[in-house]
Amino acid sequence: MKSPTACAKNEFIIFNTNNKIYLVNKKNGKIKKIHSIASDRLTGPSENSLKKIYYGCNNGFLYSIDCQSGELDQVYKANGSISVAPVVDNQGHIFFQSDNGFNYALDSQTKKILWQLDLIPFSIFQTIERRHKRYKLSL
């Protein structure tokens with residue numbers, strides 16, 4: 001279970017379990033909507049967004065919950081599982097990372113990629129280079 005988050009300017013609080021997102025009325029505790037996700041793991045929610053809350057998922061999708069309507073949307077399909085919460089800046093850009101090393105910047109309005117960066121080849125190269133230097137030093 002993850003920490004709940006409140007939708008700004010609305011009466012909902014959002015709870016998520018392994019594969020469900022619940023929209024609950026803050027005043028009376030009644031469930032307004034339940035969204036089932038075809039996955040067994042959601043990240044924690046994004047912060048700093050007034051209109052939407054974003055979740056990453058191990059099925060590779062970035063999801064959003066609209067704070068006014070409570071509707072769920074598949075925003076983007078990444079190249080791998082997403083296991084950390086996305087970040088939203090004050091311009092509405094969403095930043096997230098997939099488990100295979102791809103990092104993304106996405107425009108929340110257009111759902112278009114602003115940039116995509118693959119850090120894995122760089123990381124693997126650094127690791128190989130370090131191991132090679134260690135091996136040479138140990139001779």
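Predicted model: local features only at pLDDT ≥ 70, side-chain atom pairs only at ≥ 80, totals over all residues.

Trainee: What is the phi of Lys111?
Mentor: Lys111 has a positive phi of about 65°, although it is not a glycine. Most residues other than glycine have a negative phi.

Trainee: How many salt bridges are there in the model?
Mentor: The count comes to three. One of them joins the side chains of Lys33 and Glu71, at 2.0 Å from N to O. That pair also links distant parts of the chain, with Lys33 in strand S4 (residues 31–36) and Glu71 in the loop between S6 and S7, 38 residues apart. Glu71 is partly exposed, as its relative accessible area is 40%.

Trainee: And which residue forms a salt bridge with Asp99?
Mentor: Arg41 does, and the closest N and O atoms are 3.7 Å apart. Asp99 is partly exposed at 44% relative accessibility, and Arg41 is partly exposed at 33%.

Trainee: Let us turn to the sheets. In what order do S5, S6 and S7 lie?
Mentor: The three strands form an open sheet in the order S5-S6-S7, with antiparallel pairing. Strand S5 (52–56) and strand S7 (72–77) each have a single partner strand, so one side of each is left without a neighbour in the sheet. On average, neighbouring strands of this sheet are turned by 25° against each other, direction ignored.

Trainee: What holds the strands of a sheet together in general?
Mentor: Strands of a sheet pair through backbone hydrogen bonds, in either a parallel or an antiparallel arrangement.

Trainee: How many bridges are there between S5 and S6?
Mentor: Five bridges pair S5 with strand S6 (residues 61–66) in the antiparallel sense. Within that pairing, Tyr54 has Ser64 in S6 as its bridge partner. S6 and S7 also run antiparallel and are joined by five bridges. There, the bridge partner of Leu62 is Tyr76 in S7.

Trainee: What about the turn between S6 and S7: which residue takes a positive phi?
Mentor: That residue is Gly70, with a positive phi near 80°, in a hairpin that has five residues between the strands.

Trainee: Now the other sheet. Which strands make up the sheet that ends in S11?
Mentor: It is an open sheet of four strands in the order S8-S9-S10-S11, with antiparallel pairing. Its edge strands are strand S8 (87–88) and S11, each of which pairs on one side only. Strand S10 (residues 102–107) and S11 pair in the antiparallel sense over five bridges. In that pairing, Ala105 has Trp115 in S11 as its bridge partner.

Trainee: Where is Trp115, and is it buried or partly exposed?
Mentor: Trp115 is found in strand S11 (residues 113–118). With a relative accessible area of 42%, Trp115 is partly exposed. Trp115 also belongs to a nonpolar patch on the surface, together with Leu114, Leu117 and Leu119. The accessible area of the four residues together is about 360 Å².

Trainee: One more topic, Asn19. Where is it found, and which residues does it touch?
Mentor: Asn19 is found in the loop between strand S2 (12–16) and strand S3 (20–25). Not counting residues up to four places away in sequence, Asn19 touches His35, Ser36, Ile37 and Ser39. At 31% relative accessibility, Asn19 counts as partly exposed.

Trainee: How far is the C-alpha atom of Asn19 from that of Cys57?
Mentor: The two C-alpha atoms are separated by 9.2 Å, while Asn19 and Cys57 are 38 residues apart along the chain.

Definitions and conventions: Residues numbered from 1 in each chain as written. Heavy atoms only, no water. Pairing = 2+ DSSP bridges. Helix = DSSP H or I, 4+ residues; strand = E, 2+ residues; numbered from the N terminus. Axes fitted to C-alpha atoms, helices over the stretch in contact; angles between N-to-C directions. Buried < 20%, exposed > 50% of the residue type's maximum accessible area, 1.4 Å probe, protein only. Contact = heavy atoms within 4.5 Å. Patch = residues over 30% accessible without salt bridge, like charges linked within 9 Å, V, L, I, M, F, W, Y side chains within 5 Å. Areas by Shrake-Rupley, 256 points an atom, 1.4 Å probe, with all protein chains shown as cover.
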